[in-house]
Amino acid sequence: MVQAGFLGVLLVLLAGAEAPRPVVEVTNFSRTSTYGEVVDFVQAVARGSEVVAVTTLATSAEGRPVPLVILSQERVRTPEERRATGKPAVLVMANIHAGEVEGKEACQMLIRDVALGPLGYLLEHQVVLVVPIFNADGNDKFGANRHDNGPELAGVRHNGQFLDLNRDYTKLESPEVRGLVRLFASWDPVVVVDMHTTNGSYHREPVTYTTGINPNGARALSDYMWGTFFPKVASALEREGWSSVPYGNFADPLEPSTGWENDAVEVRYGSNYVALRNRLAILDENYAYADFKTRVLASYAFVREILHFTNERATELAALVQRVDGETRDGYRGERFVSSWQLEPLMEVTVRSFEFEKKPTTPEERARLPWLGPFRLEPTSTQRDYRLPYLARATPTTTVPLPAGYLLLPGFREAVEVLLAHGVGVERLGEPFSGRVERLAMEAVETARNIVQGHVAVTVKGEWVAAEEQVPAGSLFVDMRQPLARLVPVLLEPSSSDGLASWGFFNRALVRQWSREPGIYPVLRVSSRPAVAMEVLQGVER
Ligand SMILES: [Zn+2]
């Protein structure tokens with residue numbers, strides 16, 4: 001350890017006045033950086049650069065400021081200054097799962113190479129935002145937490161509240177994701193890249209990728225990603241010597257020929273959430289069995305090629321997301337909300353993999369990887385490519401027509417706070433409203449056996465039925481004529497697996513007090529805007 005430290009200092013000294021080097025370069029890809037080292041590094045780059053500004057995205061649950069690095073020719077510091085440049089923003093974030101560390105290292109190298117190195121041209125048509133260490137609290141809990149092919153020590157998956165931040169995008173319980181959603185609303189990045197490590201099925205590509213696949217997202221965005229964005233970026237990456245493949249796992253872990261599947265469809269995942277905000281989402285999952293250096297360099301090249309593409313097409317991308325915003329505001333309420341789905345082929349993919357041998361699993365393996373059955377496939381040294389259907393098209397199996405808007409009865413302050421935190425437009429009824437609505441005729445309220453993300457999931461069963469209702473003053477109205485309309489049914493429909501009801505926000509009303517009978521579902525649906533005075537809600541009193 002003494003030798004490694006001495007070597008690090010020596011390398012820094014030899015570098016002299018040259019650009020700073022992150023820990024991963026100084027240690028020859030043997031160690032990942034601590035929170036303090038990341039902060040010191042970006043500050044060092046900022047001191048020597050005309051294009052870097054560093055601000056704070058959020059303060060973590062344990063009190064660490066989460067750095068937001070802003071790269072722009074104009075050295076903008078605020079969303080207003082970004083807007084004045086006329087250039088769209090693109091966001092790259094890493095370390096949401098703080099054991100998955102190569103993105104954090106690649107981000108530091110990228111910040112340096114854009115600010116002080118050869119990649120300055122990437123700022124010609126865009127403002128680049130980088131959050132290199134999103135889960136700052138998890139990062140420094142170093143240990144043998146991962147079984148990746150290096151580094152030896154890495155942080156943990158959860159944040160300081162024991163939450164998986166990549167399951168917090170609908171309920172917004174963490175300061176980190178709340179800060180990120182504020183950034184989405186204020187800086188409005190047209191593209192969001194989220195960097196992870198995957199330890200699923202064995203294959204040879206170091207980089208895998210996907211976009212939002214929730215069926216309630218705008219099809220125009222996913223078609224653009226699969227039809228234009230990913231093919232261009234993947235072929236540029238291939239020319240750089242790095243192979244890539246859409247993110248997935250063998251659908252049947254014991255039979256590779258069955259298909260290549262991505263089953264992470266719910267909106268609690270960041271890539272699906274970003275897509276439902278009508279922005280272009282990229283989930284980067286790097287291959288855990290590739291060595292650490294390969295993962296750092298390949299994911300660096302992937303993000304560089306993404307930024308090359310977005311810089312060249314900045315105007316086109318900004319126009320695309322604006323068009324989808326308008327279509328969502330004007331037309332989404334004419335569609336149907338999808339509450340359940342099945343995976344069908346999106347396209348064919350070639351997965352560069354291996355011949356496999358079937359081996360019995362050990363109790364230790366099953367304890368570490370709970371999804372393993374009694375057998376697993378072990379790769380041989382013989383390479384084999386598989387041409388497979390990519391099972392990543394979530395095709396609706398249960399849908400419900402959408403209303404013109406939703407009413408939320410008074411008394412659910414926490415739910416209103418979450419709607420406002422997402423940036424959803426909410427209005428308060430200044431007087432009572434009486435008229436025709438849809439209310440949920442509840443048949444059953446069921447709770448899950450297990451705790452997930454600190455919650456006991458609630459399943460509400462019932463049907464929307466027409467009714468004449470007296471709706472009191474102080475109730476809230478959520479109009480579906482808004483660009484974020486795709487998020488509204490996800491949060492308010494009873495059948496949504498990521499709804500506020502499902503996460504327990506409506507428990508007080510769902511079961512009648514002093515009994516076990518179903519109570520009321522505190523959300524109503526209307527086919528037109530209530531004709532009463534309403535005021536736009538800015539916040540809720542505590
Ligand atoms: Zn991850």
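Predicted model: local features only at pLDDT ≥ 70, side-chain atom pairs only at ≥ 80, totals over all residues.
Student: What joins strand β9 (residues 255–261) to strand β12 (residues 375–401)?

Tutor: The link between β9 and β12 is 2 bridges, and these strands run parallel. Two strands pair if DSSP finds at least two bridges between them, so β9 and β12 qualify. Numbering starts from 1 along each chain as its sequence is written, and side-chain values use heavy atoms, without hydrogens and water.

Student: What makes β8 and β11 the edge strands?

Tutor: Follow the order β8-β9-β12-β11, in which 4 strands form an open sheet with mixed pairing. β8 (249–252) and β11 (336–360) each pair on one side only. On average, neighbouring strands here are turned by 40 degrees against each other, direction ignored.

Student: How many helices and strands does the chain have?

Tutor: The chain has 15 helices and 19 strands. These are DSSP runs numbered from the N terminus (helices: H or I, at least four residues; strands: E, at least two).

Student: Why is Asp 325 called buried?

Tutor: Its relative accessible area is 14%. Buried means under 20%, exposed over 50% and partly exposed in between (1.4 Å probe, protein chains only), so Asp 325 counts as buried. Asp 325 sits in helix α11 (residues 314–331). Leaving aside residues up to four places away in sequence, Asp 325 touches Arg 277, Asn 278, Arg 279 and Pro 483, where contact means heavy atoms within 4.5 Å. Across the chain, 54% of the 542 residues count as buried.

Student: What makes α3 roughly parallel to α5?

Tutor: The axes of α3 (residues 35–47) and α5 (residues 102–115) come within 10 Å and cross at roughly 10 degrees. Axes are lines fitted to C-alpha atoms, for helices over the stretch in contact, with angles from 0 to 180 degrees between N-to-C directions. Under 35 degrees is roughly parallel, over 145 roughly antiparallel, 65 to 115 roughly perpendicular and the rest oblique, so this pair is roughly parallel.
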